[in-house]
Amino acid sequence: MPMSASLPDQLIEELGITGAHALAVVLSAVGIYLAFLLFVRIFGQRVLMAMSTFDVVVTVMLGSVAGRVILGHPPTLTSGILGLATLFVLEAGFGQLRSSLRVQRLMNSPARLLMIGPQIQDKWLKRSHITLGELHGALRKAGIRSYDEIACVLQEPGGGISVLRRGVPIDPQLLTNVAGADRIPAEFLAERKTDDDETHANTRMRTGRKINRGTTP
């Protein structure tokens with residue numbers, strides 16, 4: 001940098017960005033975002049989970065690599081703001097696309113059953129790249145003290161693990177698009193409500209309200 005450059009010019013050069021650099025930041029952000037979606041789709045939701053120290057290290061490394069690729073050289077304030085704005089726009093756009101069931105299935109793996117009652121589903125556990133120790137850790141976090149408390153355990157599309165306990169029957173609607181949900185025993189499931197059942201329930205509620213109003217002094 002020439003010594004004769006004024007302070008404002010130096011600040012603009014250090015904090016600003018050229019047109020070519022700006023285009024490179026936008027394209028890099030789009031490329032990294034799409035690559036991340038692809039890798040998550042290939043390797044599964046497991047990469048989104050921080051279940052061990054190694055997972056945390058890998059997550060930090062992923063963020064570091066993505067940041068360096070997006071910002072380019074030299075990284076400046078303007079390039080950082082532009083990179084963040086591009087990622088937010090991409091997330092908002094793909095969030096709208098995910099409202100479509102077809103796009104959601106294309107972008108995300110379905111929820112998977114890891115346990116049905118006390119039985120561990122080894123096939124899905126392996127496909128999810130989750131170890132038995134990690135599964136037990138998730139059960140402990142959910143307050144599970146015995147396999148006998150479990151109705152089912154699922155890995156959600158976002159990578160988290162959900163534990164549904166026995167006691168209250170599970171509404172089948174909550175298991176829509178869950179891989180392997182057809183194998184859950186009927187004893188764990190609530191009966192499906194028909195339209196007639198809902199109509200009768202609504203009628204009883206309205207009748208009850210009218211009676212209460214009539215008996216109110």
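## Notebook: salt bridges, helices and cores

I searched the whole structure for salt bridges and recorded 2 of them. I note at the outset that this is a predicted model.

**Entry 1. The salt bridges**

I looked up the partners in turn. The side chains of Arg 145 and Glu 149 meet in a salt bridge, at 3.6 Å from N to O. Glu 149 also forms a salt bridge with Arg 165, and here the closest N and O atoms are 2.9 Å apart. This second pair links distant parts of the chain: Glu 149 sits in the loop between α7 and β3, while Arg 165 belongs to strand β4 (residues 161-165), 16 residues apart.

**Entry 2. Helix α2 and its cover**

I then turned to helix α2, which runs over residues 19-43 and has 25 residues. From its first C-alpha to its last, α2 reaches 36 Å, close to the 36 Å expected at 1.5 Å a residue. After α2 comes Gly 44, whose phi is positive, near 90 degrees.

Which residues of α2 are buried? I found His 21, Ala 22, Val 25, Ala 29, Tyr 33 and Val 40. An α-helix has 3.6 residues a turn, so residues three or four places apart point the same way. The cover over the buried residues of α2 includes α3 (53-71) and α4 (77-97).

**Entry 3. Ile 70**

Leaving aside residues up to four places away in sequence, Ile 70 touches Val 25, Ser 28, Ala 29, Ile 32, Gly 83 and Leu 87. Of these contacts, Val 25 and Ala 29 are also on the list of buried residues in α2. I also noted that the C-alpha atoms of Ile 70 and Thr 86 are separated by 10.0 Å, with the two residues 16 apart along the chain.

**Entry 4. The nonpolar patch**

On the surface I located a nonpolar patch formed by Leu 7, Leu 11, Leu 15, Leu 77 and Ile 81. Together these residues have about 490 Å² of accessible area. Helices α1 (7-15) and α4 each supply at least two residues of the patch, and α1 gives the most, with 3 residues. Leu 11 is found in α1. At 44% relative accessibility, Leu 11 counts as partly exposed.

**Entry 5. The nonpolar cores**

What is the number of residues in the largest nonpolar core? I recorded 13 residues; those with the most contacts inside this core are Leu 114, Met 115, Ile 130, Leu 135, Leu 139, Ile 150 and Val 153. The elements that give two or more residues to this core are β1 (112-116), α6 (122-127), α7 (132-141) and β3 (150-155). Apart from this core lies another, of 12 residues, among them Ala 111, Leu 113, Leu 154 and Val 178.

Not counting residues up to four places away in sequence, Val 153 touches Arg 112, Leu 113, Leu 114, Met 115, Leu 135, Leu 139, Ile 161, Ser 162 and Val 163.

How values were computed: Residues numbered from 1 in each chain as written. Predicted model: local features only at pLDDT ≥ 70, side-chain atom pairs only at ≥ 80, totals over all residues. Heavy atoms only, no water. Core = buried A, V, L, I, M, F, W, Y, C linked by side-chain atoms within 4.5 Å. Buried < 20%, exposed > 50% of the residue type's maximum accessible area, 1.4 Å probe, protein only. Helix = DSSP H or I, 4+ residues; strand = E, 2+ residues; numbered from the N terminus. Contact = heavy atoms within 4.5 Å. Expected span 1.5 Å × (residues − 1). Patch = residues over 30% accessible without salt bridge, like charges linked within 9 Å, V, L, I, M, F, W, Y side chains within 5 Å. Areas by Shrake-Rupley, 256 points an atom, 1.4 Å probe, with all protein chains shown as cover. Salt bridge = Lys/Arg side-chain N within 4 Å of Asp/Glu carboxyl O.
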